[in-house]
Amino acid sequence: MKKVVVIGGGAAGMMAAIAAAQDGHSVRLYEKNEKLGKKLFITGKGRCNVTNACETEELFANIVSNPKFLYSAVYGFDNHQVMAFFEEAGCPLKTERGERVFPVSDHSSDVIKALQKKLAHLHVSVQLNQGVREVLTRKEGTVIEGVLLQDGTSSPADAVIVATGGISYESTGSTGDGYRFAEQTGHNLTERRPSLVPLVVEETFCKELMGLSLKNVAVVLQHKGKTIYNGFGEMLFTHFGVSGPLVLSASSAYVQKAYGQRASLFVDLKPALSEEQLDKRLLREFESNKNKAFKNAVGGLFPARLTPVMLALSGIMPDKKVNEITKEERQMFGKLIKNMPLTVTGCRGFSEAVVTKGGVSVKDVNPSTMESKKVQGLFFAGEVLDVDALTGGFNLQIAWSSGYLAGTSVKGAKG
């Protein structure tokens, strides 16, 4: 039996504590907040998208940074095992569109309650309002010794698992402590950037459209003429640009490949129709409204608030009679509907980012155990590592899998 300290009471930390305690170790979990799972509580708009029910192989296609590093973790505790874990822990689940898995109750608090119940059952000592100041080592920094707490007392340990999250949503306690611990113990960090984050757009009409949600649209994101993302789903106009699930996923590619630079975002407002089919539809609309002004003939194509913007972008005079519109003008309008252009100039900050891209370099961590290659008995799990994924439950899957692997690997740590 080993003495194990887990730093951080989020998804990865709670799962790591449970896994270590199931192996019979004495586990203490330190959380600086007044309660566990503060970020879990707000994920999925408070519903908590626990994981994704896709084929396990498909998970890796949705992991953006260092998917190969996570092979052992994910195959050791995959999405189906995660679902079984929560069902058995008294939190029934359901699968929705896009294979997203949620608690049946639609309450993230039920996910947290299931984890708390498990921690209590396994006699994990949960210390709330107790931050960690420093990770302690011996043998010239090569072996873990324990942690120094904020109150000045030390907590000896044979293994320490750092699961402190990133620096996104700082209000939940993600203040980058884990990066400090990693640096203090000689680990390398990759650049941290906000990811799954709203995009800032140059066009001022976004402000006029603020609050308008577009469902079932497709987007293509291009940087320097190359397509870096394409996807389908829902997006939302904001006072500074665009957001919504589709844009958050696109932001992952933007942050990775075009961070801080200009990029082009094209929105296909009618992805179910080819350009040819759309042109036929426009012909029908124009035929039945041939004596009307252009501005009064296209209302059925878009949400009302979007119509004036599309009229302005088309370059066709709003009062021009439909029967005077040329074939070229009609076809150009069709192209606009299939490729509404937006100019991305940047992204919002960490306070609005779902996850942090970057973190503890995976080169310094053993992918088979999540143990540091530099300090015996020191483990890393979850968002503190340089791993991140698209929206849809994939980031939480990384947390569960890496936390579980860290917890079950404690027995092999020499300490």
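Serine 401 counts as buried because its relative accessibility is 1%, where buried means under 20% relative accessible area, exposed means over 50%, and partly exposed lies in between (1.4 Å probe, protein chains only). This serine is placed in helix H14, residues 394-409. Leaving aside residues up to four places away in sequence, serine 401 touches Ala73, Val74 and Phe77; contact means heavy atoms within 4.5 Å.

The model is predicted: local features need pLDDT of at least 70, side-chain atom pairs count only at pLDDT 80 or more, and totals for chains, interfaces and linings use all residues. Residues are numbered from 1 along each chain as its sequence is written, and side-chain values use heavy atoms, with hydrogens and water left out.

The protein as a whole comes next. Its secondary structure comprises 14 helices and 21 strands; these are DSSP runs numbered from the N terminus, helices (H or I) having at least four residues and strands (E) at least two. The C-alpha trace spans about 85 × 40 × 35 Å along its principal axes. Of the 415 residues, 55% count as buried. Among contacts between residues at least 6 apart in sequence, 72% join residues at least 24 apart.

Glutamate 99 is partly exposed because its relative accessible area is 38%. Its place is in the loop between strand E5 (93-95) and strand E6 (100-103).
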